[in-house]
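Here's a quick briefing for anyone meeting this structure for the first time. Have a look at it below, then follow the notes topic by topic.

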Amino acid sequence: MLAQQLLNGLLLGATYALFALGFTLMFGVLRVVNLTYGFYFTAGAFLALWLTQAGAPLFLALPAAAIASGLIATLLDWLLLTRLRRAGADELASLMVTLGAVLALYAGMTAWLGPDIRRLPPGLIAAGALEAFGLRITLAQILILAACALLVGLLLWLMRGTRLGLAIRAMAERPDTAALMGIATARLAALVSFVSGALAGAGGVLIGLNFNAIHPYMGESMMLRGFVVIVVGGLGNIFGALVAGLLLGIIEVLTAGYISSGLKEAVAFALLVLVLWTRPAGLFGTTLARKA
Amino acid sequence: MAWFDDLLFTYQNLAVALGVNGLLALSMYVVLAVGQLSLGQAAFMGLGAYSSALMSLQLGWPFWAVLPLSCVVPVLFALAVGGPTLRLNGVYLAIATIGLGEVLRGVYLNVDVLGGAMGLSGIPEAAPLWLIYAMLALAVLVLWQVGKSGIGRAMEAMRLDETAALSMGVNIRRYRLATLCASAVLAGLAGALSAHSTDFIGPNDFGFEPAVTILSFALLGGIGSPFAPVLGAWLLTLLPEVLRPLADVRLVMNGAVIVVAVLFLPRGLLAWRMPRHVRPGRAA
């Protein structure tokens with residue numbers, strides 16, 4: 001029983017981690033608390049829904065939805081934040097702009113599509129499940145785990161194994177100096193937005209698959225969890241977000257299983273506050289540049 | 001004056017919301033004025049609302065006794081969590097305070113006497129409209145007087161440059177805790193007044209979304225004087241009403257207005273900064 005709960009928690013945590021990775025990347029490199037981030041999650045889920053309804057197989061719908069979410073993220077970042085970045089505005093201003101934008105985006109989506117919960121077409125993934133050692137894992141869950149592992153691996157390779165990643169880390173450390181060293185910071189900012197948005201979109205598709213419930217405001221409840229994960233992991237810290245995401249999933253599932261499902265969020269947030277009180281920079285409190 | 005009574009009757013809820021949101025905007029203003037991005041206002045409001053509702057419903061206390069006590073509860077909470085929380089800065093502080101709010105929301109949802117997800121209803125509608133506006137006027141007046149004094153100067157110094165303020169002898173820790181308590185009083189007051197004029201409160205009235213809405217009041221208005229956040233709150237409360245003919249699209253417009261306002265008026269709608277006297281005998 002406990003092993004099964006841990007497995008379910010790990011799965012949930014993997015999607016949290018995936019979502020939070022993009023968020024922490026955006027925060028660490030662009031230094032913006034971008035509240036529109038949750039919208040890319042919703043956008044990814046809806047795009048995958050429409051693509052699969054149109055008959056596209058999942059292995060095409062997932063990357064297509066992720067790429068499209070990334071493009072939306074790049075466009076919104078350019079529309080909303082270019083002006084503020086040029087003026088050197090403080091983080092409050094960017095917080096506020098993205099807050100207004102995300103209110104408009106969710107409301108627009110609800111006005112257009114209605115607040116109903118939609119479901120992915122049946123039979124998208126074979127309904128089978130593997131059973132071994134008394135544990136049960138569905139094919140959908142295996143797919144989620146594999147996709148998360150693949151995307152996290154890709155991100156780590158991009159950040160640590162390529163010159164592009166080096167440039168991104170340089171920009172995270174000191175944007176001015178990076179620009180003087182010949183790094184095209186504006187273009188790089190667009191790229192980081194794209195990667196973050198794509199991660200959020202992929203997270204949306206996978207969570208949509210896991211719970212099979214897609215609605216315009218699904219990104220909003222995810223944003224709160226995203227905050228918990230990136231703060232506990234240390235803002236901008238990719239490794240920290242990964243560990244914290246997995247931890248959060250396991251804690252939520254264990255609380256729901258052994259205490260009360262109504263308390264799972266309260267417990268998660270109580271832990272967040274305790275971490276902040278005792279380790280104000282997060283459990284793995286260093287910056288993206290030094291750690292990623 | 002029959003037409004005035006009609007008007008009040010039609011727009012009773014709106015009139016209450018304008019007054020209460022004005023108080024909440026001031027509660028946000030107090031912490032922003034010392035440069036603290038503390039987002040606990042919705043949580044303080046919830047504590048005020050829930051404690052006042054319990055005192056009215058369970059203990060049957062009269063409203064004049066309930067109202068001041070409902071400000072004490074959020075202050076006690078602020079004092080309890082303030083020590084470790086106020087060591088945090090910027091986004092960390094914002095997220096910690098949102099986290100505390102979510103913990104409280106979890107408590108409201110899971111404790112039976114607090115009504116769970118159904119919330120509390122049947123709260124006596126004991127708060128007269130004039131009292132809400134009297135409180136708002138009093139709060140603006142007090143904040144104006146404090147802002148003009150040496151305390152206001154110290155607060156502005158803290159916001160602009162903490163290190164410089166510290167070296168000039170401003171007790172930063174004490175100011176932070178004091179402003180957090182003042183913020184708790186204003187939000188608790190708003191919560192109790194709102195609970196006693198709408199008869200119902202629920203856990204989701206005090207979650208993440210209200211917290212950022214309250215922040216948007218103060219940011220849209222500006223923090224140059226106590227009038228600015230109230231103006232912001234009134235505009236953002238009136239806007240959905242004015243846009244009502246647009247039906248579904250009005251929330252979209254609401255968000256778009258915030259975006260445009262911040263992009264083009266980064267210091268808020270009312271950027272005017274309140275005058276502060278220079279102490280006699282010193283150069284300006």
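Let's start at the surface: Pro245(B) counts as exposed because its relative accessibility is 72%, where exposed means over 50% relative accessible area, buried means under 20%, and partly exposed is in between (1.4 Å probe, protein chains only). This is a predicted model, in which local features need pLDDT of at least 70, side-chain atom pairs count only at pLDDT 80 or more, and totals for chains, interfaces and linings use all residues. Residues are numbered from 1 along each chain as its sequence is written, chains are lettered from A and ligands numbered from 1 in the order in which they are written, and side-chain values use heavy atoms, with hydrogens and water left out.

- Pro245(B) sits in the loop between H11 and H12 of chain B; helices (H or I, at least four residues) and strands (E, at least two) are DSSP runs, numbered from the N terminus.
- Between the C-alpha atoms of Pro245(B) and Ser121(B) there are 30 Å, and the two are 124 residues apart along the chain.
- Over in chain A, Thr255(A) belongs to helix H10 (residues 238-258), and Thr255(A) is buried, at 5% relative accessible area.
- Setting aside neighbours within four places in sequence, Thr255(A) touches Ser260(A), Leu263(A), Lys264(A) and Val267(A); contact means heavy atoms within 4.5 Å.

**Chain A as a whole**

- Chain A is built from 12 helices and two strands, and along the sequence they run α-α-α-α-β-β-α-α-α-α-α-α-α-α.
- For 292 residues, a compact globule would have a radius of gyration near 19 Å, and chain A agrees with its 19 Å (taken over C-alpha atoms; the globule rule is 2.2 Å times the number of residues to the power 0.38).
- Along the principal axes, the C-alpha atoms of chain A fill a box of roughly 60 × 45 × 35 Å.
- Of the 292 residues in chain A, 52% count as buried.
- Take the contacts in chain A between residues at least 6 apart in sequence: 78% of them join residues at least 24 apart.

**The hairpin in chain A**

- Strands S1 (residues 129-132) and S2 (residues 135-138) of chain A pair in the antiparallel sense over four bridges; to count as paired, two strands need at least two bridges found by DSSP.
- Glu131(A) has Arg136(A) as its bridge partner in S2(A).
- Two residues lie between the strands of this hairpin, and Phe133(A) takes a positive phi near 50 degrees there.

**The pockets**

- The largest pocket holds about 1200 Å³ of space. On a 1 Å grid over the protein atoms alone, a pocket is an open set of points where a 1.4 Å probe fits, with protein on both sides within 12 Å along at least five of seven lines, and lining residues have an atom within 4 Å of a point. Grid points are joined across faces, edges and corners, and a volume is the space filled by probe spheres set on the points.
- Its lining has 36 residues, and those nearest the centre are Ala17(B), Asn21(B), Pro210(B), Thr213(B) and Phe217(B).
- That lining divides into 22 nonpolar, nine polar and five charged residues (Ala, Val, Leu, Ile, Met, Phe, Trp, Tyr, Cys and Pro are nonpolar, Asp, Glu, Lys and Arg charged, and the others, Gly among them, polar).
- The second largest pocket has a volume of about 840 Å³.
- Here H4(A) gives the most to the lining, with four residues.
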